[in-house]
Amino acid sequence: MAEKGVKVFGMWASPMVVRVEWALRLKGVEYEYVDEDLANKSADLLRYNPVTKKVPVLVHDGKPIAESTIIVEYIDEAWKGEYPIMPADPYDRAQARFWARYADEKCNPALFPIFTATGEAQRKVVHEAQQCLKTLETALEGKKFFGGDDVGYLDIVLGWYAHWLPVIEEVTGASVVTDEALPLMKAWFDRFLAVDVVKAALPDKDKLLAANKARREQLLSA
Amino acid sequence: MAAAGGGGDGRQLRVLGAWPSPFVNRVRMALHLKELEYENVEEDITNKSELLLASNPVHKKVPVLLHGGRPVAESLIIVEYLDDAFPDAGRAVLPADPYERAVARFWAAYVDGKLHGAMVMALMGTTEEERAAATADVFAALETLEGAFTECSGGKGFFAGNAPGYVDVALGGFIGWLRAWDKITGAKLLDAGRTPLLDAWAERFASLDAAKGVIPDPDHLAEFAKVLQARSSGAAASN
């Protein structure tokens, strides 16, 4: 019997998974969420994503897709008649993909060191992360969202910053996205988090804080 | 190669590139598959032009596509842009079906993420151990791609089936380096014994008109690799 419907394999604290949920919710697509224990991955996850074995994985009528940004573009194309996620214009699409790649390949690696850095080292890595985010911020100039008047692809890709960076800031004592350093991004955080579909898929902040505090302590005492 | 306008909308296409770059190779292969005219601008990457620096201020790298003067950077993004901007030109590089597109994008990203990184480290790693570990990663990635070929090709000659497509272009850009590798390091990457499907695919892809004049000569790449390695160890020595 052919498998029907939409499944998302995820992990509650994963920002990459939330991208997929935001895309599905914007399209009004019903889905089943399967929460994975990444230390003990399910047979299904390994069967659906044998190459990288990572979450998120979207399974649509039995067919699996991996890599969050690839999944988001798939969702946009598979439910073409619903809310448009990618920009319509080819040049705008290229720019959106460019910044998404820049964020994942440059800004994310710049942000990770903040988690365990302290003192002077923390100041240095925060500054480098801010430089990266400042470059990204230029894509927001004059707009309400990266997608223009409405949430689009780049908002979905970057949106995890709005919920996770404040958590990291609280856990590490670092100040990254401030009104002084990144005014446009800070303002966008507030607008983005006010969107109903966005709020509906966010993991509990207190739970995220507790998990990140514990993880940081573990890493610093190692 | 003189430009005669870029496809349907008459705006000029230029590629800022460098002959050894697998990423530049991809863009040119895609342009050829789509039968799009363009001007090929060869950059000296040790002395980048003002145009390149202005067109890609974020990364300052080739390839950059200029379409009517507007820059698009990152090879796979450029290839997707060409399909989006020239839907009626030559052949579409990506398939039409959303699921097939997602699978193609996955494997193209795999080439970037797993194969390319390992190849760079295998060549430029500062210690013998680093280079050996990276070489093992390269072989592992090629074996995975051999499996991907079976999955994607459906028994036909290209990743995309009967005709070349996105993954063919994504990996096709690397054929020059894959072929040159044993001249450079002694390790044979395209080997009919180890990955017969990839080996046959590389021959088939390289003989396409779209690939001719793009894939660099293995001897030239071997010389270029020596220069790269010398430059990098020279820089390390002076630190």
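A few conventions come before the tour. The model is predicted, so local features need pLDDT of at least 70 and side-chain atom pairs count only at pLDDT 80 or more, while totals for chains, interfaces and linings use all residues. Residues are numbered from 1 along each chain as its sequence is written, chains are lettered from A and ligands numbered from 1 in the order in which they are written, and side-chain values use heavy atoms, with hydrogens and water left out.

An automatic or database domain assignment divides chain A into domain 1 (6-78) and domain 2 (90-221). Residues 4-83 of chain A are 38% helix and 21% strand, with end C-alpha atoms 22 Å apart. For residues 89-214 of chain A the figures are 68% helix and 0% strand, and the end C-alpha atoms lie 45 Å apart. Helices (H or I, at least four residues) and strands (E, at least two) are DSSP runs, numbered from the N terminus.

How do the two domains of chain A meet? Taken over C-alpha atoms, their centres are separated by 21 Å. In contact (heavy atoms within 4.5 Å) are 15 residues of domain 1 and 20 residues of domain 2. The area buried between these domains is about 1,700 Å², and carbon and sulfur atoms give 71% of it; buried area is the accessible area (1.4 Å probe) that two parts lose on being put together, summed over both. On the domain 1 side, Trp12(A), Arg19(A) and Trp22(A) supply 42% of the area buried against domain 2, more than any other three residues.

The elements that give two or more residues to the side of domain 1 that touches domain 2 are α1 (15-27) and α3 (68-78) of chain A. Of these, α1(A) brings the largest share, nine residues.

Now turn to where chain B meets chain A. Here 24 residues of chain B are in contact with 25 residues of chain A, and the two chains bury about 2,200 Å² between them, 68% of it on carbon and sulfur atoms. In chain B, Ile77(B), Tyr99(B) and Phe106(B) lose the most area to chain A, together 27% of what that side buries.

Charged pairs feature here too, with a count of eight salt bridges between chain B and chain A. In one salt bridge, the side chains of Arg93(A) and Asp84(B) come to 2.8 Å, N to O. The elements of chain B that give two or more residues to the side touching chain A are β4 (70-73), α3 (75-85) and α4 (98-124). The largest share, 10 residues, comes from α4(B).

Methods:
Salt bridge = Lys/Arg side-chain N within 4 Å of Asp/Glu carboxyl O.
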